[in-house]
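Hi everyone, thanks for making time. Today I'd like to walk you through the salt bridges in one model.

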Amino acid sequence: MTDQTLSCSETVRAMWDYVDHALPGEMRSAVEAHLKGCDNCAGHVAFAKRLVEQIATAPVPQPDVEALEQRVRGALAHEAMSS
Amino acid sequence: MTYAAIPITLADFEAVMLRFLPDVARYARALAGPGAEADDVVQETYLDAWRGRTTYDASRDARKWLFAICRHAFIKRYRKATREVAVGDPPELESYATAAGHAAAVRDGSAKLLDGLDLGPAINAAMATLPDTFREVVALVDVGGSDYAEAAQALGVPVGTVRSRLFRGRRLLQEQLLDYARDAGFRVRTAPEAP
């Protein structure tokens with residue numbers, strides 16, 4: 001497969017693997033070459049990347065870590081004593 | 001197989017493992033949703049890790065070892081072993097559906113408006129509604145930082161199944177976030193108003 005032969009359909013098909021850095025080097029290069037010349041596909045990929053970033057960085061409601069640590073320490077101490 | 005620096009004593013174990021408690025707590029929340037249930041999963045994770053401490057390979061990533069135990073603790077508590085969600089479509093079809101959803105969102109303006117919204121609460125709410133099968137793989141890869149192979153190993157499924165579930169989960173999240181933007185009153189009219 002060459003850079004010139006990658007279609008929009010093939011690019012979209014590889015979109016998530018591209019975002020996840022899971023494509024072999026040649027295919028990754030082909031996708032990148034297509035994205036440079038196709039605003040439509042580049043928009044899809046940019047949106048997909050933002051989605052993953054937002055999922056990864058969403059502020060998950062945090063527990064009271066100190067209280068949770070104390071609870072876990074207590075449970076571990078009980079487990080260690082009883083085993 | 002030899003294991004280096006196995007944390008045999010409780011003090012050693014706590015010194016090595018408890019520094020990852022905030023990460024495990026975040027991961028447990030991604031799996032179980034916010035609330036006391038997630039804290040129960042965290043406690044069970046550390047108890048199971050302590051019981052299985054001799055299987056810990058110090059040359060490997062302790063955080064990921066704890067994540068794997070956390071996932072099992074979650075399943076043990078909440079998931080029936082027989083329940084599975086069928087994902088019959090090839091993973092690539094999810095890519096098409098995701099791109100089509102984005103194209104529609106571009107047309108109605110909701111895609112652009114997502115940039116101006118605080119999506120944290122919406123993402124947490126959307127994650128909580130995902131079926132466990134999809135949520136756990138999104139949590140593993142997108143929250144926990146596993147690659148496909150690592151997620152496949154943790155889940156005991158082929159890489160292709162991980163890709164199918166991950167891509168479906170992301171598409172479902174995308175749909176909910178775009179609905180969130182539209183419900184927030186940011187819909188852009190694409191047709192002229194009637195005179």
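**Salt bridges, pair by pair**

Let's start with Arg29(B), which is buried, at a relative accessible area of 8%; buried means under 20% relative accessible area, exposed over 50%, and partly exposed in between, with a 1.4 Å probe and protein chains only. This is a predicted model, where local features need pLDDT of at least 70 and side-chain atom pairs count only at pLDDT 80 or more, while totals for chains, interfaces and linings use all residues. Residues are numbered from 1 along each chain as its sequence is written, chains are lettered from A and ligands numbered from 1 in the order in which they are written, and side-chain values use heavy atoms, leaving out hydrogens and water.

So who is the partner of Arg29(B) in a salt bridge? It is Asp39(B), with the closest N and O atoms 2.9 Å apart; a salt bridge here is a side-chain nitrogen of Lys or Arg within 4 Å of a carboxyl oxygen of Asp or Glu. Asp39(B) is buried too, at 16% relative accessibility.

Next, Arg71(A) and Asp40(B) form a salt bridge at 2.4 Å, N to O. This pair joins two chains, because Arg71(A) sits in helix α5 (residues 65-82) of chain A and Asp40(B) in helix α3 (residues 36-51) of chain B; helices are DSSP runs of H or I, at least four residues, numbered from the N terminus. Arg71(A) is partly exposed at 33%, and Asp40(B) is partly exposed at 22%.

Finally, Arg171(B) meets Glu175(B) at 2.7 Å, N to O. Over all chains, the count is 20 salt bridges. Thanks, everyone!
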